[in-house]
Amino acid sequence: MSVKRIDEFMKAKVRTDALSWTGNIDAGVNLKKASTHNDDYNFSVNSKVSQGKWRHNMGATYNREKENTTVNTHNYSLRYAFDYIMREQYFWQSRMTYKRDWVEDLARQSLIGTGPGYQLWDTELSRFSLSFLAGVWLWL
């Protein structure tokens, strides 16, 4: 089968009012015992829920890296964004993120933002959009 045009391969998703839920969970552990003792733990969860003109995007990550008795990385982050699709390619997005770090000087960071966005493409294989958000960044 040969594809003569890119739009034959990249078919647009059909928008429906049906609930659509996708997501993934990634976990990793790397334990190394040699001249140094390294313990690395990574975990992330991502979920996307779409229904009609609403899209919700949620995620969380956790990272911890320890070398011998020194903890080099220890943090987690949470994020939530929702979009309201106004017209075919235009949407309004609001986003909230929170990060807690036990190693860096900025122990807690929060971001709340909202603004317009433009969907360049949304196919079965990929989606690419741009958002222009105005918001507040908080260091706690």
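Glu65 has Thr73 as its bridge partner in strand 4. The model is predicted: local features need pLDDT of at least 70, side-chain atom pairs count only at pLDDT 80 or more, and totals for chains, interfaces and linings use all residues. Residues are numbered from 1 along each chain as its sequence is written, and side-chain values use heavy atoms, with hydrogens and water left out.

**Overall make-up**

- The protein has 1 helix and 8 strands; helices (H or I, at least four residues) and strands (E, at least two) are DSSP runs, numbered from the N terminus.
- Along the sequence the order of these elements is α-β-β-β-β-β-β-β-β.
- The protein has 140 residues, of which 19% count as buried; buried means under 20% relative accessible area, exposed over 50%, and partly exposed in between, with a 1.4 Å probe and protein chains only.
- Among contacts with a separation of 6 or more, 44% are between residues 24 or more positions apart, a contact being heavy atoms within 4.5 Å.

**Strands 2 and 3**

- Strand 2 covers residues 37-51 and pairs with strand 3 in the antiparallel sense over 14 bridges; two strands pair if DSSP finds at least two bridges between them.
- Gln51 has Trp54 in strand 3 as its bridge partner.
- The hairpin of strand 2 and strand 3 has 2 residues between the strands, and Gly52 there takes a positive phi near 60°.

**Strands 3 and 4**

- Strand 3 also pairs with strand 4 in the antiparallel sense, over 14 bridges.
- These strands form a hairpin with 2 residues between them, and Asn68 lies in the loop between strand 3 (54-67) and strand 4 (70-85).
- Asn68 is not a glycine, yet has a positive phi of about 55°.
- Most residues other than glycine have a negative phi.
- Asn68 is partly exposed, with a relative accessible area of 37%.

**Salt bridge**

- The count is 1 salt bridge, defined as a side-chain nitrogen of Lys or Arg within 4 Å of a carboxyl oxygen of Asp or Glu.
- Asp83 forms a salt bridge with Arg55, and their closest N and O atoms are 2.9 Å apart.
- Asp83 lies in strand 4 and Arg55 in strand 3, so the pair ties together parts that are 28 residues apart in sequence.
- Both Asp83 and Arg55 are buried.
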